[in-house]
Amino acid sequence: MGLEAFLPVAFVIGYLLGSIPFGLILTKLAGTQDIRSIGSGSIGATNVLRTGRKSLAAGTLLFDALKGTVAVVIAGYIAGPNAAMVAGLGAFLGHLFPVWLKFKGGKGVAVYIGILLGLFWPGAVVFCLLWLATAFTTRYSSLSALVAAFITPMFLWWFGHLALSALTAVLTLLLFYAHRENIKRLQAGKESRIGEKA
């Protein structure tokens, strides 16, 4: 199989890894209520935190990030950087739209970080620093993600990583779409802050 012919396979690998709903799996194993019935209904770490179980939220964040990293590392090892980026896109879409959960998944923040970690780790550091700075000043997880995702592609472009900048720009558009209800609540002043229970 040629490298170009592997690209669809890389996408499928990424999608299947990305669609593993770790937040839902961990909370079910811990015996908490279905996280899809609280808060935003998302399966991501921020919503898991609303159960009051910080360890579960941390585990969700870690595993969601790792599935993005693993996807790009595997595809990149087999067929190079183009396959790695395609796998990253697949992982992100898999997390947002998992086939196992009727295409209703998470918001993609941890996977975004994991993809960057596998492709260009300084980009992941920049994203995390932007998220932390915004979260510290506002205590809004959603706003922190939106700010970090908006600036990161520009950082990558500025430092000459044009292909990765283009990929993250696509991821950012998808992330903004996934946060559309959060954006409405932010505008209305009704968005929950970090640590608040539903």
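1. Helices in this note are DSSP runs of H or I with at least four residues, strands are runs of E with at least two, and both are numbered from the N terminus. The model under discussion is a predicted one.

2. The unreviewed UniProt entry assigns the feature "transmembrane region" to residues 6-26, 56-78, 84-103, 110-135 and 155-177. In the model, residues 56-78 are 100% helix and 0% strand, with 33 Å between the end C-alpha atoms.

3. Two packed helices are described by the angle between their axes and by the distance between those axes. For H5 (residues 81-96) and H6 (residues 109-119), the angle is about 165° and the axes are 10 Å apart. H5 is therefore roughly antiparallel to H6, and their crossing is right-handed. H5 contributes Ala 84, Met 85, Gly 88, Ala 91, Phe 92 and His 95 to the contact, while H6 contributes Val 111, Tyr 112, Ile 115 and Leu 119. Sorted by class, the residues of this contact are eight nonpolar, two polar and no charged.

4. On the H5 side the contact involves Met 85, Leu 89, Phe 92, Leu 93 and Leu 96. On the H9 side it involves Ala 163, Leu 164, Leu 167, Val 170, Leu 171, Leu 174, Leu 175 and Ala 178. The class count for the contact of H5 with H9 is 13 nonpolar, no polar and no charged residues.

5. H5 also packs with H1 (residues 7-18): their axes come within 6 Å and cross at roughly 35°. The crossing of H1 and H5 is right-handed. Leu 7, Ala 10, Phe 11, Gly 14, Tyr 15 and Gly 18 of H1 meet Asn 82, Ala 83, Val 86, Ala 87, Leu 89, Gly 90, Ala 91, Leu 93, Gly 94 and His 95 of H5. By class, this contact holds ten nonpolar, six polar and no charged residues.

6. Two loop residues deserve a check of their backbone angles. Most residues other than glycine have a negative phi. Phe 103, in the loop between H5 and H6, has a phi near 65°, a positive value in a residue that is not glycine. Arg 139, which is not a glycine either, has a positive phi of about 60°. Arg 139 belongs to the loop between H7 and H8 (141-158).

7. Which helix holds Thr 138? Thr 138 is part of H7, which covers residues 121-138. The side chain of Thr 138 reaches back to the backbone oxygen of Thr 134, at a distance of 2.8 Å. Leaving aside residues up to four places away in sequence, Thr 138 touches Leu 143, Ser 144 and Arg 193.

Key:
Residues are numbered from 1 along each chain as its sequence is written. This is a predicted model: local features need pLDDT of at least 70, side-chain atom pairs count only at pLDDT 80 or more; totals for chains, interfaces and linings use all residues. Side-chain values use heavy atoms; hydrogens and water are left out. A polar contact is a pair of N or O atoms within 3.5 Å; within protein, one must be able to donate a hydrogen and the other to accept it, and residues adjacent in sequence count only if both atoms are side-chain atoms. Contact means heavy atoms within 4.5 Å. Axes are lines fitted to C-alpha atoms, for helices over the stretch in contact, and angles run from 0 to 180 degrees between N-to-C directions. Angles under 35 degrees count as roughly parallel, over 145 as roughly antiparallel, 65 to 115 as roughly perpendicular and the rest as oblique. A crossing is left-handed if the near helix is turned anticlockwise from the far one by less than a right angle, and right-handed if clockwise. Ala, Val, Leu, Ile, Met, Phe, Trp, Tyr, Cys and Pro count as nonpolar, Asp, Glu, Lys and Arg as charged, and the others, Gly among them, as polar. UniProt positions are given in the numbering used here, feature names are shortened, and annotations may be inferred rather than shown by experiment.
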